4 protein chains.
Amino acid sequence: MIIVLRPDATNKQVNHIVEKVKKLGLKPWVSKGVERTIIGVIGEEDVLRIQPLEAYPGVEKVLEVLKPYKLASRDFKKEDTVIDIGGGIKIGGRKIVVMAGPCSVENEKLLISIAQKVKAAGATVLRGGAFKPRTSPYAFQGLGLKGLKFLAKAKKETGLKIVTEIMDVRDIDLLVKYADIIQIGARNMQNFNLLKEVGKVRKPVLLKRGMSNTVKELLMSAEYVLAGGNFNVMLCERGIRTFEDATRFTFDVNAIPVLKGLTHLPVIADPSHATGKWGLVTPCSKAAIAAGADGLIVEVHPSPEDAMSDGEQSLLPKNFAKMMDEVRVIARAVGREL
Amino acid sequence: MIIVLRPDATNKQVNHIVEKVKKLGLKPWVSKGVERTIIGVIGEEDVLRIQPLEAYPGVEKVLEVLKPYKLASRDFKKEDTVIDIGGGIKIGGRKIVVMAGPCSVENEKLLISIAQKVKAAGATVLRGGAFKPRTSPYAFQGLGLKGLKFLAKAKKETGLKIVTEIMDVRDIDLLVKYADIIQIGARNMQNFNLLKEVGKVRKPVLLKRGMSNTVKELLMSAEYVLAGGNFNVMLCERGIRTFEDATRFTFDVNAIPVLKGLTHLPVIADPSHATGKWGLVTPCSKAAIAAGADGLIVEVHPSPEDAMSDGEQSLLPKNFAKMMDEVRVIARAVGREL
Amino acid sequence: MIIVLRPDATNKQVNHIVEKVKKLGLKPWVSKGVERTIIGVIGEEDVLRIQPLEAYPGVEKVLEVLKPYKLASRDFKKEDTVIDIGGGIKIGGRKIVVMAGPCSVENEKLLISIAQKVKAAGATVLRGGAFKPRTSPYAFQGLGLKGLKFLAKAKKETGLKIVTEIMDVRDIDLLVKYADIIQIGARNMQNFNLLKEVGKVRKPVLLKRGMSNTVKELLMSAEYVLAGGNFNVMLCERGIRTFEDATRFTFDVNAIPVLKGLTHLPVIADPSHATGKWGLVTPCSKAAIAAGADGLIVEVHPSPEDAMSDGEQSLLPKNFAKMMDEVRVIARAVGREL
Amino acid sequence: MIIVLRPDATNKQVNHIVEKVKKLGLKPWVSKGVERTIIGVIGEEDVLRIQPLEAYPGVEKVLEVLKPYKLASRDFKKEDTVIDIGGGIKIGGRKIVVMAGPCSVENEKLLISIAQKVKAAGATVLRGGAFKPRTSPYAFQGLGLKGLKFLAKAKKETGLKIVTEIMDVRDIDLLVKYADIIQIGARNMQNFNLLKEVGKVRKPVLLKRGMSNTVKELLMSAEYVLAGGNFNVMLCERGIRTFEDATRFTFDVNAIPVLKGLTHLPVIADPSHATGKWGLVTPCSKAAIAAGADGLIVEVHPSPEDAMSDGEQSLLPKNFAKMMDEVRVIARAVGREL
């Protein structure tokens, strides 16, 4: 940590900070320049983070040297984490994993029919929400337990693994029972109690980036789960909020290679939410795989105009199959397989 | 709702939409222009919202006419909502309410001392977090129940009312017991299960705007609480995330008169989080009151450099007292009292 | 255009608007719903745009139906525009065009050496700034005319075409003389006088998206050039400004398919500015081509640590050659050639 | 400047950087921590800025210690700059200056009539655009020289000073002749050639913040003008672009005290552009003055619905007069005068 002092900082202020640093068991070094004095701190920065350094008299700003996350960092673990979700499906390895299905689980028959179609096109995981975070209290809120049971049925029929969202800490047992991957939605990326709860179990977790959270904050949230002992975490880029309104969100494709550099955890892309328009899902998916993503999570619905949520961004099964064909070629072009 | 069709939309597509609209019990009118055909829909838009209109073949875009919130709207209730939190303190009336105290509750003695000082300066509500949402799993997470008990003690000693944050649906009973105002933090503004939970009780709720949420989304989240039957909701502008990095967040002062126009609910400003720097808290507070805010929530700590969180944005008690003097003059200048 | 009235709009206010619309030679239709009255306007919206409709008494908001650009729109011209810059190089067709070179022109020998290397790797256009927009008045401002002459020399030696930036309306003749493509930089995207100036000539123009401009505004700026009679316009996505600070800008990969849908003009990607880090240029380039871009513009420098600008985002020639190999495979995977 | 190395940086890389720093005449100090080696550089950072430090092998990131602007900084000049625009009007002193008038100059009679009204209400400077930056090439582009002449006429009639915008470097002589304050619009804040041009003259300059530019970049642009020798620069906060769409821009009220702390230059607020809605202009003006602004620039039009631009954000003269009354009370409340 580097503490930059104001031009008018007094010797007394400098000494005060130096003493505080020493008391914390750290080693300060002081460097007096022409315009500014700087205090560098060597050692475990975490001890200092709980001290609001910018509140010290004489301090102008504090510059961070080390990363605030540890377990999620590639410095901590060099090799890619590969998550085995059973049935021979591994996420984070050479093979690209595609999760597909409706936004919300609506009824059993429809769900099974979609499951069969996305499986035929090459998906290995079925997505579908039983608990739905909706902006409006008057919108469809999901089928709850009934929805989870439909997912179980679809799993039995097709052999697809299940990814579905948790919204409430009280539902953790249900989710552990029914899901192969527990999804933390974008709006809950900093619901720290929920993160702690999924950190206590050992189920794989798909952690979505909040729509206004930085890559660093995403890694800090992953750190919550890892610190709980659950190392089966995959991250998901799903678009961030910007001034651009031609699309629902701005897909931050840069974040994919950035994350692959900073962390050993697998990175999934969600082109459906990242664009908000079905016509953009295929180019966005291709871009994600070209940039190094380990998988995709895509919304598919046979009759988008009747979908109870997110119809405007859902692909028809036949368009999903086409998308898979196009993505497969890109996967090969980057030395991977779908 | 106005449905704008593509230039190449077919008659069949137009008819298909018209039929759907009629089936929902609404009245469509079709207007064929030179370049585009438009379908207007008269009636309750809510029925249509669950239909993903943009997924219909031939549709270019859908323009919303009505507001998606009802109970929170000034169309629904013309007069300002005034919330009585007891002890003669009313929020939303002529008198500006100031809530002040430490970011986190740290220990009993310190808390009572701060409480006495902010009371002396004119605050009527004590703020202090017992459950703390922290970006890092390694940072101080709050004292929990112990913290709530310290708040109760401070209340008993000073007569100040208590505002404190809920983070977990399972804590609702505790919060109802210890808080006079339950705070929903920015990161939980779209934690819909938590909103439903505070909607079931009748305690006043301070709902903070998410750092990347629009005013409309804030009103939609308030709608969740109101729809549950709890009408004691006050909104809080606490800064939004932008590209500017000279401050921690950008205080959206525009949002204050915008909200006062759209809703009958009281509007509070949080200059501590909105700036992230104690030196900016006073000018920001004055701006908020000048723009029409009904109250302030401010962080105060006697030794910011030792605070366990948010020290860099906490005012010393003596600076808080000065701030109150300056804000008092502004309050009078806008025909109100502090 | 749809004019939505306030719930309390009077008949007099409605009639006032209806009269105004008729006077402009347009046809209004009035639709009275339960909650709101709506006035639709059929005909050329442009006439109305100069009228500030939201200022009319009784108006709540105005919803736009038609696009504000015409010549840039695919509605105006269905087929892709292909720009012939001479020497058999066409931009916007099946072949991906790569422009590469240093950020700034620094000296003749270095420039020619870079030109030879990027040519060997497959680039057909040489980039290099003679006039440099720099945030600081104390930073290197470019060599000016001398730089243009070095570019001419490099062109003569290698046969590469030249793309270079115009910053000042007074330099238009120079640019027409020395450039094969005139670049309008991001900071000048809404320098309307400069746009008019390049609209008067017939040189191809590379128009960069402003770092905080929407896709619609980019098309409006292109419209300025097209309206001047210069149809040789290519658009360039170069990253937008967001809250994310892990990269210099956020590459808006969504914008590529969005633009390809809305306009007939070619779309180029600038992965160097869009990421700000040389290690991200290759994945970003691959994503851009996978998403449908027609070309790339990339910064290359043999000794980035000595570059007078943008060294941190410049590729070494050998890394550029590697990038080209990887991009070539992606180009083939989307049915194109490099 | 602090150079943070990667964990795997070699001694050779460290030495390479140390040598480079020494060659530039600066003093490096090296500090080896457990996890990272850090190189600090003491002396004039500017010499180093032209070196792209992040491009050096082994470098992880570079942290800036000093501010990149000098002349604009309060470190350079402690006392507030007060700009005398003649006629006893001083900007930056105890008295708040209000500039008001139409967005565009439309015709002589109307302009004079507005001038008389805003003067009567207390404005001392008349605003009005003769050259108009418009997003659409089809929108009204301003009257040009004719508009400047109307402004001169209005000045003669009322004694008001004139502020009007420059868009083209070729118009500098005209502006010097007709304007008392030359305005640089938001879209030209980083039109560096235009900044250099107004730096060469001695007319006061009103420099508007770009809609997506940081406070630091605003100060860097001011530095361009100051470095040219023109010290009569006032800065203008006019709203920034964010995700919020309830207002046209987000007024960054924080920027006012931030700027007053960082620079000695006067700070003006533009509530018309910062909100985009006339109903918000008064509360926004009051907030600006409460936060410490030195003046306001406000759009006024007697018939907003007929205004050729910005009608939706223009105040009627009678509402402007009311606004002045309310702002006057706030000015007094902060120890100033209007």
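**Figure 1. A salt bridge links Glu244(B) to Arg209(D).** In this predicted model, the side chains of the two residues meet at 2.7 Å, N to O. Two salt bridges are counted between chain B and chain D. The count of residue pairs in polar contact between these chains, both partners at pLDDT 80 or more, is eight.

**Figure 2. Helices of chain B contribute to the side that touches chain D.** Helix 8 (255-262), helix 9 (271-275), helix 10 (281-290) and helix 11 (317-333) of chain B each provide at least two residues of that side. Helix 10 of chain B gives the most, with five residues. By residue type, the side of chain B that touches chain D consists of 21 nonpolar, eight polar and six charged residues.

**Figure 3. The contact between chain B and chain D draws 35 residues from chain B and 35 residues from chain D.** The size of an interface is often given as the accessible area lost when the parts come together. For chain B and chain D, the buried area is about 2,500 Å², and carbon and sulfur atoms give 72% of it. In chain B, the residues that lose the most area to chain D are Phe243(B), Glu244(B) and Asn254(B), which together account for 24% of what that side buries. Glu244(B) is also the residue whose side chain forms the salt bridge with Arg209(D).

**Figure 4. Chain B and chain D are related by a rotation of 180°.** With 0.0 Å of shift along the axis, this rotation superposes chain B on chain D with an RMSD of 0.0 Å. That is the relation of a two-fold axis. Among the residues of chain B, Ala287(B) comes closest to the rotation axis, its C-alpha lying at 2.0 Å. Because 100% of the interface residues of chain B are also interface residues in chain D, the copies meet through the same surface.

**Figure 5. His301(A) is set in the loop between strand 14 (295-299) and helix 11 (317-333) of chain A.** His301(A) counts as buried because its relative accessibility is 3%. Leaving aside residues up to four places away in sequence, His301(A) touches several residues, including Pro102(A), Leu110(A), Ile114(A), Ala307(A) and Leu316(A).

**Figure 6. The side chain of His301(A) makes a polar contact with the side chain of Glu106(A).** The distance of this contact is 3.3 Å. A polar atom of the His301(A) side chain also lies 3.0 Å from the backbone nitrogen of Ser303(A). Cys103(A) is 198 residues from His301(A) in sequence, yet the two are 8.1 Å apart in space, C-alpha to C-alpha.

Methods. Residues numbered from 1 in each chain as written. Chains lettered and ligands numbered in written order. Predicted model: local features only at pLDDT ≥ 70, side-chain atom pairs only at ≥ 80, totals over all residues. Heavy atoms only, no water. Least-squares fit on C-alpha atoms with pLDDT ≥ 70 in both. Contact = heavy atoms within 4.5 Å. Buried area = accessible area lost by both parts, 1.4 Å probe. Salt bridge = Lys/Arg side-chain N within 4 Å of Asp/Glu carboxyl O. Polar contact = N/O pair within 3.5 Å; in protein donor to acceptor, adjacent residues only side chain to side chain. Helix = DSSP H or I, 4+ residues; strand = E, 2+ residues; numbered from the N terminus. Nonpolar A, V, L, I, M, F, W, Y, C, P; charged D, E, K, R; others polar. Buried < 20%, exposed > 50% of the residue type's maximum accessible area, 1.4 Å probe, protein only.
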